[in-house]
Amino acid sequence: MPKQFYITTPIYYVNDRPHIGHAYCTIVADVIARAHRLMGEEVFFLTGLDEHGQKVQQAAQAKGVTPQQFCDEMAPHWEQLWPKLLISNNDLIRTTQPRHKHVVQTILQKLYDAGEIYASEYEGWYSTRAEQFLTEKEMGPDGKFPAEYGEVTRLKEKNYFFKMSKYQDWLIAHIRDNPGFVHPDYRRNEILGFLQKPLGDLCISRPATRLAWGIPLPFDADYVTYVWFDALTNYVTAAGYGTPAFEQNWPADIHLIGKEILLFHAGYWPIMLKAAGIPLPKQIAAHGWWTRDGQKMSKSVGNVVDPVAIVEAWGADALRYYLLRELPVGSDGDWADTNFERRYNGELANDLGNLVNRSLSMINRYCKGILPQPAVPDPLDDELRALAAATAKRFPDRVAKLELNQLLGDIWDFIRRCNQYVDQCAPWALAKDPAKAARLGTVLYNLAESCRVISILLAPFIPTTAAKIRLQLGLGEAPIVLIEAQLWGMLVSNRPLGEIAPLFPKKQ
Ligand code: ME8
């Protein structure tokens with residue numbers, strides 16, 4: 001079996017309510033997954049939930065339920081969101097699943113046996129109220145900790161540490177030698193800059209007396225795994241670490257993440273894998289952060305964009321299109337309702353919707369809904385066809401470079417060229433002259449063919465619309481492949497179209 005293309009999103013904290021930022025990351029990953037399937041690859045697309053830790057433990061306590069019950073109540077908010085956004089994930093991992101606990105413990109034991117993990121005493125300022133160690137960052141200018149931390153005392157605590165620092169030079173060399181390892185380039189430079197400072201060893205445990213809601217260390221049951229060893233390991237758990245499937249899934253091709261967790265993914269994670277003798281992922285791709293109207297989104301300000309509300313009002317395709325079109329993978333984005341509406345009305349309803357609608361309506365009107373035959377060519381047709389082929393040919397490279405907004409730009413250049421072709425050829429004028437019937441048929445055939453090509457290229461981005469276009473063209477629901485966008489003339493003439501309806505109803 002050939003290796004699958006494996007793409008992951010971060011595992012989201014189960015205690016949060018999903019917002020547009022989580023939706024964004026998962027949609028970008030979905031577009032990449034669908035694009036690779038379109039190119040004929042087997043794809044394994046993973047998303048998931050991060051369920052351990054103090055916040056979950058405290059929230060469960062406050063509600064009077066067990067942490068597991070709390071997770072089970074929260075998980076559906078996430079599990080039910082993904083189908084609404086048309087996410088085609090193959091798996092959804094939850095870190096409380098037995099498969100994950102088993103893999104985390106196996107890897108920890110392996111590292112412990114290899115001498116990569118050691119116990120050490122840590123001494124610091126500890127807030128019992130916040131149940132955490134405090135550092136100078138939390139200290140006020142008066143040298144005191146803010147009142148919200150309650151009583152702060154010196155505390156000595158034994159913990160387990162992972163020997164991360166010894167791999168620092170190796171990691172720097174790996175990032176230098178593999179330019180594609182961190183995407184985009186400016187994030188690669190950022191991580192290299194960060195690695196100029198010593199990394200230090202990583203504290204990987206918490207005493208179970210202080211944090212009960214975690215995976216117990218296999219070599220010391222008085223401790224649980226703290227944060228990153230638990231969370232990051234999800235990517236190998238879901239790939240089937242320790243089973244024959246692992247070979248087929250691992251290494252991951254892309255870990256797509258938000259920019260704030262880059263260090264953990266491009267720093268800690270490769271070192272953890274290296275120490276455990278597991279091959280490294282091929283790429284860590286960090287996307288930017290969304291704000292709303294220039295402001296950070298937060299529950300207290302009440303300016304959080306709810307992806308479900310957008311889907312209910314505008315449809316999932318409109319949301320997916322906007323998020324992908326608005327910015328390159330890597331840049332920060334700012335959500336503004338007016339901008340969203342402008343793109344919906346201008347690009348989806350006008351450019352794309354009108355092209356499909358007027359092309360197919362003219363076939364209805366002038367050819368009784370039967371697809372005509374191309375018979376009388378013109379240099380204008382060659383130009384249209386060449387642009388279709390060039391756009392389709394560019395697709396794999398755009399996807400490989402994660403240039404998804406530019407890819408949409410290419411497709412829209414073609415859509416606009418098609419609209420121009422309609423105006424240049426003026427089928428309504430040809431229809432008035434019976435001597436030009438054959439030319440009219442050719443123009444309409446070329447427009448239908450263009451709509452077919454567009455339906456393929458857009459399928460990863462706006463799958464529902466792509467399928468609608470194909471049904472309107474009289475095509476079935478069979479799976480499609482990119483190659484078919486590179487070929488011209490696949491539509492069979494003298495066959496009826498499907499039922500025509502506007503793709504994007506205009507909204508005021
Ligand atoms: O960090 N704009 O989970 P998390 C864009 N459990 N993306 C955003 C965003 C915003 N405003 N807000 C969140 C965690 N995201 C850990 C991860 S992985 C082994 C463990 C997205 O629930 C972005 O992709 O805080 C970010 O990386 C992710 O949500 C963090 O989700």
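This is a predicted model: local features need pLDDT of at least 70, side-chain atom pairs count only at pLDDT 80 or more; totals for chains, interfaces and linings use all residues.
The ligand is considered first. Around the ligand stand 22 residues. Among these, Ile11, Asp50, Glu260, His287 and Trp290 come nearest. By class, the shell around the ligand holds twelve nonpolar residues, eight polar residues and two charged residues. Several elements contribute to this shell. Strand 1 (5-13), helix 1 (20-38), helix 8 (228-232) and helix 9 (234-238) each supply at least two residues. Strand 1 gives the most, with four residues.

Glu260 places a polar side-chain atom 2.7 Å from an oxygen atom of the ligand. Gly21 takes part through its backbone, where an N or O atom lies 3.3 Å from a ligand nitrogen atom. Taken alone, the ligand exposes 670 Å². The protein buries 94% of that area.

Four strands make up an open sheet, and their order is 5-4-6-8. The pairing is antiparallel. Strand 5 (132-134) and strand 8 (202-203) are the edge strands, and each pairs on one side only. Strand 4 (residues 117-127) runs antiparallel to strand 5, and three bridges join the two. Trp125 has its bridge partner in strand 5, namely Leu134.

His174 belongs to helix 6 (residues 168-177). Is His174 buried or exposed? Its relative accessibility is 18%, so His174 counts as buried; the cut-off for buried is under 20%. Setting aside residues up to four places away in sequence, His174 touches Phe181 and Leu280.

Leu487 sits in the segment after helix 20 (483-486). Its relative accessibility is 42%, and Leu487 therefore counts as partly exposed. That class lies between the cut-offs of 20% and 50%. Which residues does Leu487 contact, leaving aside neighbours within four places in sequence? They are Glu449 and Arg452. Leu487 was also compared with Leu195. The two are 292 residues apart in sequence. In space, their C-alpha atoms are 48 Å apart.

Conventions:
Residues are numbered from 1 along each chain as its sequence is written. Side-chain values use heavy atoms; hydrogens and water are left out. Buried means under 20% relative accessible area, exposed over 50%, partly exposed in between (1.4 Å probe, protein chains only). Contact means heavy atoms within 4.5 Å. Two strands pair if DSSP finds at least two bridges between them. A residue is near a molecule or strand if one of its heavy atoms lies within 4 Å of it. A polar contact is a pair of N or O atoms within 3.5 Å; within protein, one must be able to donate a hydrogen and the other to accept it, and residues adjacent in sequence count only if both atoms are side-chain atoms. Accessible areas come from the Shrake-Rupley method with a 1.4 Å probe; for residues, only the protein chains shown count as cover. Ala, Val, Leu, Ile, Met, Phe, Trp, Tyr, Cys and Pro count as nonpolar, Asp, Glu, Lys and Arg as charged, and the others, Gly among them, as polar.
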